[in-house]
Every structure is written in structure tokens, then in C-alpha cells.
Amino acid sequence: MTKIEAVIKPFRLNEVQEALTSIGILGMTVSEVKGFGRQKGHVELYRGAEYTVNFVPKLLIITVVPDELADRAVDAIQKAAYTGKIGDGKIFLSKIEDVVRIRTKETGVEAL
């Protein structure tokens, strides 16, 4: 199994969710996060005064998929989250040893 963590622009969430469900991914966790990369934040105006926002709002999507779906999931996220502008985000992949569904005690792929 592969854990996929994707940091994306908030307004691309619906597109990413639709792309993942269309390839058979049944669940994900979404968190609001803040961060920066090469983008280094941005400048905003508030009541005529400029101020720098060092941490840009993003969404963190986490899902665990069977290994055979990992490449398709990454491709789906990449296409759905793409705007062509700086700050589109990143996708991180990690191997998962096991997973347990609390309610039924199922393990492995069946627990996804």
C-alpha cells in the first residue's frame, strides 16, 4: 500500500476529489494547512497598508491506496491540481506496512 500526501491550492479540492473518486479511490482526509516553498508567501493590502503573508493557505490531502493504484492516483492529482502557476503544490509518497479498520478489525487492502 502507498500513502499519498498532496499539498494543493484550496480552490482545486473539488477537481482533485472528483479525479480520485473517478479512478476508484473511496476515501481521503483533508486538512487546512499553511506553508511556503519557492513561492515565499505574498504581499496583500489591508486598509491601504501592505503586509507580507509568509505562510500561504493550502490543503493537505491524505489517502492510502493499493500499490497498483498509486501511479494513477498521482497522475489524477497532478492533472486536477495543475494551474500552471507557482504554488500548485507537491505530492509525497510513502510505503505503508499495514492498516487496520477499527470497527471490523479488517487489515490490509480490505481495510481501505
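Begin by selecting the open sheet, in which 4 strands follow the order β2-β5-β1-β6 with antiparallel pairing; two strands are said to pair if DSSP finds at least two bridges between them, and the strands (E, at least two residues) and helices (H or I, at least four) are DSSP runs numbered from the N terminus. Colour β2 (29-35) and β6 (89-95), which stand at the edges with a single partner strand each, so that one side of each is left without a neighbour in the sheet. If you look along the sheet, the twist from one strand to the next averages 20°, where angles run from 0 to 180 degrees between N-to-C directions and axes are lines fitted to C-alpha atoms, for helices over the stretch in contact.

Before going further, keep in mind that this is a predicted model, in which local features need pLDDT of at least 70 and side-chain atom pairs count only at pLDDT 80 or more, while totals for chains, interfaces and linings use all residues. Residues are numbered from 1 along each chain as its sequence is written, and side-chain values use heavy atoms, with hydrogens and water left out.

Next, follow the pairings one at a time. Select β1 together with β5, which run antiparallel and are joined by 7 bridges: here T2 has V65 as its bridge partner in β5, I4 stands opposite T63, and I8 stands opposite L59. Then select β1 with β6, again antiparallel and joined by 7 bridges, where T2 stands opposite K95. Finally, select β2 with β5, which pair in the antiparallel sense over 7 bridges, and find G35 opposite V56.

Now show the side chains of β1. In a regular strand the side chains alternate between the two faces of the sheet. The covered face of β1 holds T2, I4, A6 and I8, and the uncovered one holds K3, E5 and V7.

Buried means under 20% relative accessible area, exposed means over 50%, and partly exposed lies in between (1.4 Å probe, protein chains only).

The next stop is I4, in strand β1. Is I4 buried or exposed? I4 is buried, with a relative accessible area of 1%. Leaving aside neighbours within four places in sequence, I4 is in contact (heavy atoms within 4.5 Å) with residues including I61, V65, A70, V74, I77 and F92.

If you centre the view on I8, its contacts beyond four places in sequence are L13, V16, K58, L59, I61, A81 and D88.

For a contrast, move to K105, in the segment after β6. This residue has a positive phi of about 65° although it is not a glycine, and at 67% relative accessibility K105 counts as exposed.

Finally, zoom out to the whole chain, whose elements run β-α-β-β-β-β-α-β from the N terminus on, which comes to 2 helices and 6 strands. The C-alpha trace spans about 55 × 25 × 20 Å along its principal axes, and buried residues make up 31% of the 112 residues in the chain.
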